[in-house]
Amino acid sequence: MKFSGQYIDLSKPQVMGVLNVTPDSFSDGGRYNSLDAALFQAESMVKAGASFIDVGGESTRPGAAKVSLVEELERVCPIVELIKQNLDVVVSVDTSSPDVMTESVSLGAGLINDVRALQRDGAKKAVIDLGVPVCLMHMQGVPATMQENPLYDSVVDVVESYLLERANELIESGFDSEQIIIDPGFGFGKTLSHNLQLLNAIDRFVRNGYPVLVGVSRKSMIGTILDKPVDERMIGSIAAATIAAYKGASILRVHDVKETVDAVSVVQALLEE
Ligand code: 9MG
């Protein structure tokens with residue numbers, strides 16, 4: 001798939017490094033220091049083998065404060081520009097806002113990662129006009145309350161139908177089907193059992209013909225299984241990412257790039273044998 005001119009082979013599992021640019025992410029020092037620190041982290045992830053850097057200026061954790069459009073633009077745009085000026089990597093922007101989509105693509109971003117699957121007013125039109133690839137993610141409810149007793153008849157059926165409906169809507173509006181990535185949205189309005197059923201069904205999602213993105217890194221599903229806090233979830237996260245890659249996921253969105261790249265190399269060797 002081409003991401004603003006850069007080709008990435010999604011027939012092999014690729015690693016996407018997470019770069020949050022919320023105020024608490026690089027909290028010491030002023031704006032210049034924060035930007036510098038974010039670029040340094042992006043560079044480390046690229047050196048470790050990340051094909052994508054996912055820049056996000058809005059936290060979607062339950063209870064996280066809402067962020068204004070101006071604030072999101074101010075957080076995201078400078079780092080997108082800086083990464084594109086300094087590193088050879090595809091920049092993905094984690095946003096639901098059409099203005100952030102448009103501005104970041106003008107600065108070189110190559111992928112829009114929308115946890116709301118283009119449901120916000122103007123988002124669908126923005127990606128159609130921009131013509132860059134988009135990742136459509138499933139979320140039940142809204143971030144503030146999504147983990148309050150989520151219920152499904154059959155989580156895999158519901159999530160799959162939702163993603164295919166969103167993809168079809170986009171294609172019927174003129175978007176190129178070859179530029180769509182789908183994502184079951186681990187942890188977004190799902191219990192541990194829902195997340196495990198979805199992980200087990202990654203191969204079924206893959207069979208729909210769209211590349212599949214999986215984000216399980218350090219999430220509470222790993223914490224619940226292991227009974228461990230967020231800073232002790234790396235090995236569990238890599239185990240889950242490895243399973244997803246083996247089941248055909250194309251992009252793994254992770255915090256621990258170097259370790260995941262090694263795990264994915266083992267999966268790739270096995271798949272090629
Ligand atoms: C922004 N973000 C946080 N978790 C995510 C996930 O699982 N998938 C995608 N696409 N984005 C995510």
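In which sense do strand β7 and β8 pair, and over how many bridges? They pair in the parallel sense, over four bridges. This is a predicted model, where local features need pLDDT of at least 70, side-chain atom pairs count only at pLDDT 80 or more, and totals for chains, interfaces and linings use all residues. Residues are numbered from 1 along each chain as its sequence is written, and side-chain values use heavy atoms, with hydrogens and water left out.

View A. Strands here are DSSP E runs of at least two residues, helices are H or I runs of at least four, and both are numbered from the N terminus; two strands pair if DSSP finds at least two bridges between them. Zoom in on β7 (residues 134-137) and you'll find M137 opposite D183 in β8.

**View B. Q14 in strand β3.** Strand β3 covers residues 14-20. Q14 has 15% relative accessibility, so it counts as buried (under 20% relative accessible area; exposed is over 50%, partly exposed in between; 1.4 Å probe, protein chains only). Skipping neighbours within four places in sequence, Q14 is in contact (heavy atoms within 4.5 Å) with I8, D9, S51, F52, S250, I251 and L252.

**View C. Helix α2 passing α3.** The crossing of α2 (residues 69-86) and α3 (residues 98-106) is right-handed, meaning the near helix is turned clockwise from the far one by less than a right angle. Contact residues include L69 and V80 of α2 and V100 of α3.

Definitions and conventions:
Axes fitted to C-alpha atoms, helices over the stretch in contact; angles between N-to-C directions.
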